[in-house]
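Please read it alongside the sequence and coordinates shown below.

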Amino acid sequence: MIGDIKLLNIGEMAFICLDIRCLCIFLIYTTCDYVLSSDTEIKVNPPQDFQIVDPGYLGYLYLQWLPPLSLDDFKECTIEYELKYRNIDSERWKTIITKNLHYKDGFDLNKGIEAKIHAVLPGQCANGSEVQSSWSEATYWISPQGNLETKIQDMDCIYYNWQYLLCSWKPGMGVHLDANYNLFYWYEGLDHALQCEDYIQANGKNVGCRFPYLESSDYTDFYICVNGSSESKPIRASYFIFQLQNIVKPLPPDYLSLTMTNSYEINLKWSLPRGPIPAKCFIYEIEFTEDDTTWVTTTVENEVYITRTRNESQQLCFIARSKLNIYCADDGIWSEWSDEYCWQGDKWKEALIFFLLPLGFISALVFFVSYLVLYKQETIPKMVSCIT
């Protein structure tokens with residue numbers, strides 16, 4: 001009986017050990033299978049067919065792509081895309097996070113463009129850890145034609161009084177006599193790029209362009225391409241991007257006035273420049289002269305109070321000019337200086353002295369002569385009466 005019991009215990013122990021071994025094997029197999037299946041689930045492929053497309057807008061390009069392959073496992077998740085792009089010589093990448101399959105932006109076509117993108121699976125869809133695919137890359141550049149020196153030189157564009165745009169340039173070096181340049185422009189809202197219709201010419205060559213009224217062109221990128229044609233050799237195209245509000249040159253202020261409020265305080269005032277620019281958009285620079293001393297100040301108001309350095313100043317003059325301030329533009333161009341306005345007080349004194357002194361002298365002379373005449377008239381009758 002005792003032996004049977006021992007044998008039974010040994011059998012039970014063997015059976016228990018077998019169960020433990022099976023359990024360990026089962027746990028190991030399950031764990032490995034889970035890891036393998038987890039790795040498979042969180043793998044994300046890169047976006048497909050990533051490319052940079054030029055629609056002919058002189059630098060406004062489309063970056064577009066297709067979703068990654070094998071997205072069936074992530075039907076309940078939203079894939080995001082991290083897009084990076086730059087001009088090739090730039091040290092800084094622009095980064096965009098988007099759920100769309102395209103993005104648009106402006107580029108300098110004088111240089112090449114490079115971009116890269118990868119898919120991003122958020123943590124809630126990947127066991128709490130964000131998963132990224134490998135990068136898809138694309139490049140774009142316009143194959144340059146013509147030598148670099150054939151490009152136009154000294155391009156200058158000014159948006160006069162926020163009303164009309166004028167651009168001018170100088171011809172490139174070493175171009176043939178038959179060479180001429182053409183300007184094309186585009187901004188968002190136009191269906192396609194337009195060519196200049198009103199060229200400025202010198203010696204029969206295009207050296208500038210007067211633009212028509214540009215509707216809804218403010219606060220958006222404005223793209224220009226100036227290329228050329230010549231039968232002798234190709235001419236290198238030039239590309240430019242700017243925003244019109246940043247190249248506005250307003251008119252100078254009008255109707256300046258200078259008032260002496262007391263012996264030392266002076267009020268300088270002027271009217272707003274004419275045109276469509278709102279009053280809140282102006283900043284002014286004032287150049288004030290007191291005798292032989294000149295100093296400059298700026299203000300956002302159309303008047304300023306200043307203090308005289310001495311109350312016997314003989315000449316007080318000032319001029320003013322205007323520019324768009326930081327509330328309406330990132331930059332701007334100063335207007336021309338206004339006409340000079342000078343204080344008339346001392347001139348009136350000089351005029352009064354000039355007229356009053358001679359007038360006083362003449363009056364005194366007339367009074368003296370009149371006195372003599374009257375004196376003689378009174379003296380002669382008395383003398384006659386005395387003789388008789």
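Asp108 is partly exposed, with a relative accessibility of 22%; here buried means under 20% relative accessible area, exposed over 50%, and partly exposed in between (1.4 Å probe, protein chains only). The model is predicted: local features need pLDDT of at least 70, side-chain atom pairs count only at pLDDT 80 or more, and totals for chains, interfaces and linings use all residues. Residues are numbered from 1 along each chain as its sequence is written, and side-chain values use heavy atoms, with hydrogens and water left out.

**Overall architecture**

- The protein chain contains two helices and 24 strands; helices (H or I, at least four residues) and strands (E, at least two) are DSSP runs, numbered from the N terminus.
- Of the 388 residues in the protein chain, 35% are buried.
- Among contacts in the protein chain with a separation of 6 or more, 61% join residues 24 or more positions apart; a contact means heavy atoms within 4.5 Å.
- The protein chain has an accessible surface of about 24,500 Å², and carbon and sulfur atoms contribute 57% of that surface; the areas come from the Shrake-Rupley method with a 1.4 Å probe, and for residues only the protein chains shown count as cover.

**Salt bridges**

- Eleven salt bridges are present in the structure, each defined as a side-chain nitrogen of Lys or Arg within 4 Å of a carboxyl oxygen of Asp or Glu.
- Asp108 forms a salt bridge with Lys111 at 3.7 Å, N to O, and Lys111 is partly exposed with a relative accessible area of 36%.
- A network of salt bridges links Asp89, Asp108 and Lys111.
- Lys170 and Asp154 form a salt bridge through their side chains at 3.5 Å, N to O. This pair links distant parts of the chain, with Lys170 in strand S10 (residues 164-170) and Asp154 in strand S9 (residues 153-160), 16 residues apart. Asp154 is exposed, at 51% relative accessibility.
- The side chains of Asp254 and Arg274 form a salt bridge at 2.3 Å, N to O. Because Asp254 lies in strand S18 (residues 254-260) and Arg274 in the loop between strand S19 (265-271) and strand S20 (282-290), the pair ties together parts that are 20 residues apart in sequence. Asp254 is buried at 18% relative accessible area, whereas Arg274 is exposed at 52%.

**Nonpolar core**

- In soluble globular proteins, nonpolar side chains tend to be buried together.
- The largest nonpolar core comprises 75 residues, and the residues with the most contacts inside it are Leu165, Leu183, Phe211, Phe222, Ile224 and Leu268; such a core is a set of buried Ala, Val, Leu, Ile, Met, Phe, Trp, Tyr and Cys residues joined through side-chain atoms within 4.5 Å.
- Leaving aside neighbours within four places in sequence, Leu165 has contacts that include Cys157, Tyr159, Phe211, Phe222 and Ile247.

**Aromatic pairs and charge over rings**

- The count comes to 20 aromatic pairs, where rings of Phe, Tyr and Trp (its six-membered ring) pair if their centres lie within 6.5 Å, and planes under 30 degrees apart count as stacked, over 60 as edge-to-face and the rest as tilted.
- Phe211 and Phe222 make an edge-to-face pair, with 5.9 Å centre to centre and 75 degrees between the planes. Phe211 lies in the loop between strand S14 (205-210) and strand S15 (221-229) and Phe222 in strand S15, so the pair ties together parts that are eleven residues apart in sequence. Phe211 is buried at 6% relative accessibility, and Phe222 is buried at 0% relative accessible area.
- Phe282 and Tyr284 make a stacked pair, with 5.8 Å centre to centre and 25 degrees between the planes. Phe282 is buried, with a relative accessible area of 1%, and Tyr284 is buried at 1% relative accessibility.
- Tyr57, Tyr60, Tyr62, Trp186 and Tyr223 are linked into a cluster by ring pairs.
- The charged end of Lys116 sits over the ring of Trp93, 4.8 Å from its centre, and also over the ring of Trp135, 4.9 Å from its centre; the criterion is NZ of Lys or CZ of Arg within 6 Å of the ring centre and within 35 degrees of the ring normal.

- Leu58 is located in the loop between strand S1 (48-53) and strand S2 (60-66) and is buried, with a relative accessible area of 12%.
- A distance of 9.8 Å separates the C-alpha atoms of Leu58 and His192, which are 134 residues apart along the chain.
- Leaving aside neighbours within four places in sequence, the contacts of Leu58 include Leu109, Trp186, Tyr223 and Ile224.
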